[in-house]
Amino acid sequence: MRRRTSLVDIPVDIPKELTDLSESFADVLLNIGSLYELQLKGDLPVGVENGIWREIPKRLGITEIPETQKDKFEEQIQTLEKGIFDLYPITVNCGESEMDLIIGKVFSSEGDSVSYYSGAAGLANNNYINVIDQFDSKLETLCQKLSVRSLDDGESIKDKAPEIKCLDVFSLAGGLDVSHKPICVFFSGGGPENISSLSNLTVFLNLYSARFRVLTMAIAKRYLSGFEIIEGLSDSEISKLLLIWLRGHDVGHFIGEDRLGDKMSEFDMDYMILHELKSDMIALYSFRLFSDDFLNNGLLEKIYYLSVAEMLRYIRRGNVLKHPDSASAYLAWCYFERSGAIKYDPGCGKFKIELLLFGDAVSEFSKELLSIFSEGDAERARELVKRFGNLQTTNENDPSPRDCSETLREVIKDTDIAHYIDYNFITDK
Ligand SMILES: [Zn+2]
């Protein structure tokens with residue numbers, strides 16, 4: 001059984017005035033790629049590392065920059081020279097356009113707690129800022145509906161949740177160019193911060209949407225009854241719905257009291273899984289607040305289908321104990337199946353979403369999770385993670401959870417549908 005990768009074209013229009021800069025950023029990403037390769041081989045002595053790193057400010061320094069941006073650019077290069085904590089963004093504005101380079105180190109998406117040299121370059125995409133703002137404007141209401149206090153230590157959730165920025169990426173390197181391509185990165189923007197509360201979030205929006213169109217749509221088409229409802233979504237609708245989902249998830253991390261964090265380490269896998277699960281449920285719960293707003297005209301129903309299809313994509317990664325977000329999707333799926341909100345129809349070999357039951361299940365599960373966190377009951381927390389059986393992989397050839405249902409196991413195994421995506425960036429018209 002071999003997992004397949006889908007190669008997809010990603011066209012990005014680079015404004016003429018920023019062509020030289022885009023080439024400079026691409027060169028820097030080659031340096032990042034070399035650092036990553038050497039790091040993987042375990043062959044990166046400090047001298048070599050510093051040597052390659054020093055090439056980066058040098059290369060940036062000889063780039064053509066719009067006059068008004070030169071001072072800021074110089075400052076950014078100097079910061080880079082001093083060394084960086086996690087990831088560092090370099091930003092250049094030109095007219096309506098903005099080009100960003102983000103480089104540094106991020107934790108591997110394969111869960112081995114090593115941080116690898118990584119980088120991305122792209123153009124800012126500001127088309128959806130108002131959607132995020134609209135979402136954030138209802139955070140207070142969301143907390144009221146969930147019966148949790150919205151304010152903690154005088155700070156609002158909006159202030160705690162990371163700041164979102166969207167990029168249309170035209171180049172990736174190192175730890176971001178791996179088989180499971182991340183669709184966003186978190187970073188501190190300066191000093192060391194707590195790993196679970198890094199305050200900047202950059203979303204690779206064009207890649208996120210492409211991944212949905214190529215991988216998730218194929219899964220939905222094969223396994224979700226009623227898939228037609230999302231089949232006709234435009235690219236901009238997909239981007240909008242994915243961003244709403246992501247924002248809901250993001251703020252979900254900060255909603256409700258967390259006494260569990262006093263009892264369990266933030267690196268405890270059970271704790272991490274439940275944190276993702278609470279956020280996933282709060283995101284799903286939040287959508288109903290916008291049914292007369294940006295989720296009108298049937299988009300509410302569509303975002304539920306989109307989310308369920310995405311859950312299947314997360315589950316298909318397998319090896320869920322290595323990926324808290326996949327384990328979260330798996331536990332949510334089991335919960336929905338048990339409550340009848342998702343039913344397998346052996347006749348057509350597809351899963352059906354019962355929307356009314358689905359809404360109820362989301363409410364109940366959100367409240368259960370919020371109470372586990374606010375009570376700080378570690379025993380109850382661990383019981384929940386074990387509720388649907390053993391999460392360990394079944395055997396070498398089967399990455400599904402050991403106690404997974406046979407129907408879901410088939411979905412995970414199905415190699416007719418690609419498991420991975422790779423990008424062919426096209427920047428010249
Ligand atoms: Zn999360």
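**Strand pairing and domain contacts in the predicted model**

Strands S2 and S3 form a hairpin with 2 residues between them, and Gly95 in the turn has a positive phi of about 60°. The structure is a predicted model, in which local features need pLDDT of at least 70 and side-chain atom pairs count only at pLDDT 80 or more, whereas totals for chains, interfaces and linings use all residues. Residues are numbered from 1 along each chain as its sequence is written. Strands (E, at least two residues) are DSSP runs numbered from the N terminus, and two strands pair if DSSP finds at least two bridges between them. S2 (residues 87-94) and S3 (residues 97-107) run antiparallel and are joined by 8 bridges; Thr91 has Asp100 in S3 as its bridge partner.

S7 (residues 200-204) pairs with two further strands. With S5, S7 runs parallel over 5 bridges, and Leu167 is bridged to Phe204 of S7. With S6 (residues 184-187), the pairing is antiparallel and comprises 4 bridges; here Val185 has Thr202 in S7 as its bridge partner.

The protein is divided into domain 1 (1-124 + 163-198) and domain 2 (130-162 + 209-421), with bounds from an automatic or database domain assignment. Their C-alpha centres lie 29 Å apart. Contact (C-beta atoms, placed from the backbone, within 7 Å) involves 20 residues of domain 1 and 18 residues of domain 2. On the side of domain 1 that touches domain 2, strands S1 (5-11) and S5 (163-174) each supply at least two residues, and S1 gives the most, with 4 residues.

Conventions:
Two residues are in contact if their C-beta atoms, placed from the backbone, lie within 7 Å.
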